[in-house]
Structures are given as structure tokens and as C-alpha cells.
Amino acid sequence: AETMDAGKGTGLGGCNVNQMPFVVAGGKLDVNAIDEECPSWVRLRNMRGRGIVKVGRDAARCWSPGAELLFTSDSLSWNDYEVAVVGRNNPQSGWIQLEKPLSKMKTSVSDDENMAVEV
């Protein structure tokens, strides 16, 4: 992979980074596209089969069709996570239907409040 010097010409030194990452070195980034009223993550509240998940009204309002959701691992393996895409959302009920079902049921708050996965 090609690299570039992130600090070249700044007088601050630099480091090699891949050409794909976005680096903010010694500064601050203000992302205006993020709605501060929307949660970044929530605990999975419940599931109806592997394809319908309850995340709460705030999350369901903000996570609209096409959004990608990361379901954290609920096992001892760190790589037991899954990514799914929102098919339909219902902000009134807090339920989201996924485009494709998850490969397995995930631990939700209704199963075990202390071990629920995060979305």
C-alpha cells in the first residue's frame, strides 16, 4: 500500500499513513452531519427472530433504511460481531427490521440485562 507523510510541510514532523484514512493531526474536527439528538449506540432491547430488533424510539427514529448497524459480540470471542443494514424502522415502537436476518440470535436486555450486546 502506498503511504504518505501526514505531517509533511507542517514543521510538526509526521508519520506514514495509508492513503485511505482521514487524519486530523493536532487539531479538532467538527462533523456537522451528526445529529446530536441521535444516540451513537444503544443496548439491544429485544429481538423478534433474527431479523427484527428493538433498539428504542430514539435510535429507531435516527437509524433509517440503508443505515449500517454494528452488533457487538455476545460471546467470549471479540470477532463474534455482525453488521446489518436497516430495512425498515418504526420510530413509534422502537423496532427495526433488518434487510437480512442476523446469523444468530443476540443477547438482549430482555435476555440478560448485564450481557446485552450494543448496537
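1. The disulfide between C38 and C62 is left-handed, with -80 degrees about the S-S bond, and its sulfur atoms lie 1.9 Å apart in this predicted model, where a disulfide is taken as a pair of cysteine sulfur atoms within 2.5 Å. A search of the whole structure finds one such link. The pair connects distant parts of the chain, 24 residues apart, with C38 in the loop between β2 (16-18) and β3 and C62 in helix α1 (residues 57-62). Helices (H or I, at least four residues) and strands (E, at least two) are DSSP runs, numbered from the N terminus.

2. C38 is partly exposed because its relative accessible area is 22%, whereas C62 counts as buried because its relative accessibility is 18%.

3. On the basis of the model: it is predicted, local features need pLDDT of at least 70 and side-chain atom pairs count only at pLDDT 80 or more, while totals for chains, interfaces and linings use all residues. Residues are numbered from 1 along each chain as its sequence is written, and side-chain values use heavy atoms, with hydrogens and water left out.

4. On confidence, pLDDT being the predictor's confidence in each residue, from 0 to 100, the protein chain has a mean of 82, and 72% of its residues reach 70 or more. Where pLDDT is low, the predicted coordinates should not be read in detail.

5. The sheet is open and has five strands in the order β3-β4-β7-β6-β5, with antiparallel pairing; two strands pair if DSSP finds at least two bridges between them. Its edge strands, each pairing on one side only, are β3 (46-48) and β5 (68-71). From one strand to the next the twist averages 40 degrees, with axes fitted as lines to C-alpha atoms (for helices over the stretch in contact) and angles running from 0 to 180 degrees between N-to-C directions.

6. Around β7, four bridges join β6 (residues 82-90) to β7 (residues 95-98) in the antiparallel sense, with N90 partnering W95 and R88 standing opposite Q97. The hairpin of these strands has four residues between them, and there G94 takes a positive phi near 85 degrees. Strand β4 (residues 52-54) also runs antiparallel to β7, through three bridges, and V53 stands opposite I96.

7. In the segment after β7, S103 counts as exposed because its relative accessibility is 56%. Leaving aside neighbours within four places in sequence, S103 is in contact with R50 and E82. The side chains of S103 and E82 are joined by a polar contact of 2.8 Å, a term for a pair of N or O atoms within 3.5 Å in which, within protein, one must be able to donate a hydrogen and the other to accept it, residues adjacent in sequence counting only if both atoms are side-chain atoms.

8. T107 also lies in the segment after β7, but is buried, with a relative accessible area of 19%. Its C-alpha atom is separated by 8.2 Å from that of N46, 61 residues apart along the chain. Beyond neighbours within four places in sequence, the contacts of T107 include L44, D74 and M115.

Notes:
Buried < 20%, exposed > 50% of the residue type's maximum accessible area, 1.4 Å probe, protein only. Contact = heavy atoms within 4.5 Å.
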